[in-house]
Amino acid sequence: MAVYTQVSAEALADFLTAYDVGDLVAAKGIAEGVSNSNYLVETTRGRFILTLYEARTRAEDLPWFVALMRHLADAGLPVARPVAARDGGALRRLCGRDACLIEFLPGVSLSTPTEAQAAAVAAAMAVMHRAGEGFAPPRANELGQAAWRGMAEAMGPRLETISPGLRARVMAEVTALEAAWPHALPGGVIHADLFPDNVLMLGGRVTGLIDFYFACNDLRAYDLAVMETAWAFDAADRFLPGHAAALRAGYGGLNDAELAAMPVLARGACLRFLLSRAQDWLDTPASALVTRKDPLSYLRRLEHYAS
Ligand SMILES: Nc1ncnc2c1ncn2[C@@H]1O[C@H](COP(=O)(O)OP(=O)(O)OP(=O)(O)O)[C@@H](O)[C@H]1O
Ligand SMILES: N[C@@H](CCO)C(=O)O
């Protein structure tokens with residue numbers, strides 16, 4: 001359950017007085033998510049999401065994320081707008097954490113999206129990429145290709161406790177991708193984590209793109225490759241070619257170099273999530289309330305592309 005920081009009703013009511021959002025009616029913690037604490041807050045004026053940023057999200061990056069969310073919402077995308085307090089700021093402190101009150105968006109996250117739903121989200125991603133063209137300054141991808149060797153080496157032999165042979169497999173992949181990475185493809189602002197649990201939908205309509213806390217500047221086609229690794233496999237890690245084709249068709253407009261690079265980009269995406277999940281796996285005790293995501297699911301997806 002992703003409520004690391006407990007907020008009392010008194011503290012929340014006091015926090016809300018900084019905003020022009022009415023009075024507190026109800027609040028409850030949201031179980032989904034692993035990185036930050038989220039509450040659904042209802043006031044006399046409507047519903048909001050309150051996010052308290054935990055250790056993984058760096059405080060100095062928050063103004064960039066807030067500005068990006070506003071920029072994309074202004075461009076007409078279904079992105080939640082951070083609410084400005086009476087003093088104009090969107091970021092405040094609450095219970096010792098940086099906190100942000102965010103517009104509530106309707107919709108639900110899908111556990112088994114259809115091909116048509118995957119295509120609709122990829123189309124929304126293409127619009128998001130175009131809308132990001134006017135956004136500055138750039139923000140480097142801290143979990144991008146240049147970071148993978150360091151992440152793998154920092155875990156070193158501990159990778160073997162997840163699965164025997166994992167360390168050598170990961171290091172070989174790091175080296176292979178260093179040689180094959182297509183650095184020259186078109187770049188821009190990307191979401192970098194657009195998994196089904198970061199999209200809200202009502203039927204075939206995309207009603208929310210959420211969780212921009214890994215957003216950065218990187219290769220646009222890499223963003224689509226991240227989507228493919230998350231949307232085009234079933235729960236048993238079997239590849240779903242129809243979903244992959246729907247994603248590419250929905251996104252549209254990939255040039256020949258991007259299309260040719262997709263298998264390498266998807267291998268990179270698999271390695272990125274294998275590495276971050278392995279970090280979480282090793283750093284989170286099995287007894288913690290947060291559900292650890294399985295790194296080996298991403299090893300199986302990696303082998304689909306590497307074999
Ligand atoms: N703007 C919003 N409108 C409606 N619901 C939202 C909104 N933002 C977040 N949620 C809900 O809160 C849940 C957790 O949000 P989010 O995915 O941002 O958390 P997180 O801990 O940062 O995520 P992650 O596990 O991907 O790191 C979502 O699954 C969704 O149910
Ligand atoms: N979407 C990620 C978690 C946040 O990076 C995963 O499934 O591993």
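**Helix α3**

I started with helix α3, residues 115-131. I count 17 residues in α3, and its first and last C-alpha atoms are 24 Å apart, close to the 24 Å expected at 1.5 Å a residue. I note that this is a predicted model.

Next I asked which residues of α3 are buried. They are Gln117, Ala118, Ala119, Ala120, Val121, Ala122, Ala124, Met125, Met128, His129 and Ala131. I then looked for what covers them. The cover includes the helices α2 (62-74), α6 (220-231) and α7 (241-251). It also includes the strands β6 (187-190), β7 (199-202) and β8 (205-209).

**Domains**

Across the boundary, 15 residues of domain 1 are in contact with 16 residues of domain 2. The side of domain 1 that touches domain 2 has 11 nonpolar residues, three polar and one charged.

I also checked UniProt. An unreviewed entry there lists residues 28-253 as "domain: Aminoglycoside phosphotransferase". Over residues 28-253 I read 34% helix and 19% strand. The end C-alpha atoms of that stretch are 42 Å apart.

**Ligand 1**

I find 21 residues around ligand 1. Glu32, Gly33, Ser35, Ala80 and Asp211 come nearest. By class, the shell holds 10 nonpolar, seven polar and four charged residues.

**Ligand 2**

I then turned to ligand 2. Its surroundings are Asp193, Phe195, Phe273, Ser276, Arg277 and Lys293.

**Val79**

Last, I looked up Val79. I place Val79 in the loop between α2 and β4 (91-94). Is Val79 buried or exposed? Val79 is buried, because 25 other C-beta atoms lie within 10 Å. I set aside neighbours within four places in sequence and listed the rest of its contacts. Val79 is in contact with Met69, Leu72, Ala73 and Leu209. I also took the distance from Val79 to Cys95. The two are 16 residues apart in sequence, and their C-alpha atoms are 26 Å apart in space.

Key
Residues numbered from 1 in each chain as written. Chains lettered and ligands numbered in written order. Predicted model: local features only at pLDDT ≥ 70, side-chain atom pairs only at ≥ 80, totals over all residues. Near = placed C-beta within 6 Å. Helix = DSSP H or I, 4+ residues; strand = E, 2+ residues; numbered from the N terminus. Expected span 1.5 Å × (residues − 1). Buried ≥ 20, exposed ≤ 12 C-beta atoms within 10 Å, placed from the backbone. Contact = placed C-beta atoms within 7 Å. UniProt positions renumbered as here; feature names shortened; annotations may be inferred. Nonpolar A, V, L, I, M, F, W, Y, C, P; charged D, E, K, R; others polar.
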